[in-house]
Amino acid sequence: MKKTICRSIFALFLMMTLQTASAQQVTISNNLLYDVWLTPNLRVGVRTSEHWSLGLTAGYRPWPTSDETSRKWRHLLLSPELRYWKDSVNVHHFFGANVIYSHYNVADVRFPFGLYPSVRDERRQGDLIALGAFYGYSWPLGRYWNLEALIGAAVGYTKYDRYACGLCGTKIADESKLFLMPQAAINIVYNIPGRPRKVQAPVAVEPVVIPEPVVVEPEPFVFVPAIHSVPDFTGRAGQLQRDNPVLAHISQYKPYDRTRILRKEKGALYVHFDQGKSVLHADYRDNAPTLERIVDIARQIMADTTSSVKKIQIIGLASIEGGIAANELLAQNRAMALQRYLQQQVSAPDSLFDSVGGGEAWAEFRDQLNDEVATESQQSAALQQAISIIDTESDLNQRERKLRQLNGGRTWNYLKEHILKDQRNSGYVRIYYDYVPDTAAKTINRASELIGQGQYAEALTLLDGVRSDERAQNALGVALWQTGQQEEALRCFRRAANAGNADAQENLRQLESGNQ
């Protein structure tokens, strides 16, 4: 009687599921671990929404059919379940809860890991019911196939008869107890494809002769889909780069050489030091917001799973004042001071840093002089003389001495007040990043190209693999519409339009106005 009821429940669920197959995603799967125990089993699932699905698992092992056999694991199992899918691009995690019912007759069975030792020497026959929870992951194997793995546990209640042995008919006792049991499955899953709506062929109509005046029929509606490529997702680092030019992709990295004019390179950040000092003070000039900005950017990227900091380049500089050897050491110490500060804030290893001393910033200094000359200020003639000294005197000590003596020292005083103070800093700071390649965007854009070539079925095959990606909804809607699946296409268009996709909004406008 119990077996008949359970079979009826399973048949009813299967019938209801197949009736909704044209509107929902239906799956049929088999638990390979259950097969190892020689138990035929089947699970039917139906996706009720983007994140939720229902399922029913049934397993039935009738053998050994003879009661004269000592070793027994005859049982019937039914387990309805509810799953929540945490879908994102190419990621298929799910969490679930289930109810387990089983009628069993077990004896002389050695379960793995020492589970249920009492049935090794006794026979137990009864019923159990349990509530369980589990976590799983699904890997796509093709357009229609998936592989699932899940693990969990269940707590339940069982009531059974105890017998002395597998062959004995003498009942020892009636017992019941609460229990905790593990759950595990490796499922091979087949996704039943939905059937597109049939497009009715137009019915031939005999031409009708209309008397004058002739009424001109309106031109038939032609759907011209709006579709554009989607941007590559470059992770949190790519998002931050829009407002922080200090960020650059690792492909743009280049080692420092002293001919570079760092002040002209977009996005560089500077942290300033007192004259002749290499101690970093956060409250000096505008250091505080600059340091906070660098640290915040680095922390956000390091916390992201789709992008990473690959290198932090720091170039220490010193002004042209003073001895060459002292300035070389000063520039190096300034670079290292900033590196140590950042390491204390973000716990970054030495290998992440490219910290070099740039020595006296003659290239920067000459570029600043040239900009001053271009403004045609009162000092332009004197500054042009200073540029000439830099270009003709190769000995750095002699070059500085001549600049100090230029125009009786008046030009040097001007330089100290207006230019040299900006060179007393740690120099150029830039963060280089990398990100996980966005394969979904590549797939969507390839499908869009196929749509543009009229290969709608091929595009739909590609888009099935990224169906859960919000960026795919407009292209998916176009491919579905052009292959006759209009209702599902409209759902995709509305989903994309509600998310702000301008192409989907235009496609909806065309279809709604064209069908009026």
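I shall speak about aromatic rings, and then about a cavity.

This is a predicted model, in which local features need pLDDT of at least 70, side-chain atom pairs count only at pLDDT 80 or more, and totals for chains, interfaces and linings use all residues. Residues are numbered from 1 along each chain as its sequence is written, and side-chain values use heavy atoms, with hydrogens and water left out.

Rings of Phe, Tyr and Trp (its six-membered ring) pair if their centres lie within 6.5 Å; planes under 30 degrees apart are stacked, over 60 edge-to-face, and the rest tilted. The count is 11 aromatic pairs. One of them joins Trp 37 and Trp 73 edge-to-face, with 5.1 Å between centres and 80° between planes. Buried means under 20% relative accessible area, exposed over 50%, and partly exposed in between, with a 1.4 Å probe and protein chains only. Trp 73 is buried at 14%, whereas Trp 37 is partly exposed at 26%. Trp 85, Phe 94 and Phe 134 form one aromatic cluster.

A charge sits over a ring if NZ of Lys or CZ of Arg is within 6 Å of the ring centre and within 35 degrees of the ring normal. Arg 83 lies over the face of Phe 94, 4.3 Å from the ring centre. Likewise, the charged end of Arg 399 is over the ring of Trp 362, at 4.6 Å from its centre.

Finally, the cavity: on a 1 Å grid over the protein atoms alone, this is a set of points where a 1.4 Å probe fits but cannot get out, and lining residues have an atom within 4 Å of a point. The largest cavity is lined by Ile 294, Val 295, Ala 298, Ile 312, Leu 342 and Val 346.

Key:
1 Å grid on protein atoms, 1.4 Å probe; cavity = no way out; pocket = protein on both sides within 12 Å on 5 of 7 lines; lining within 4 Å.
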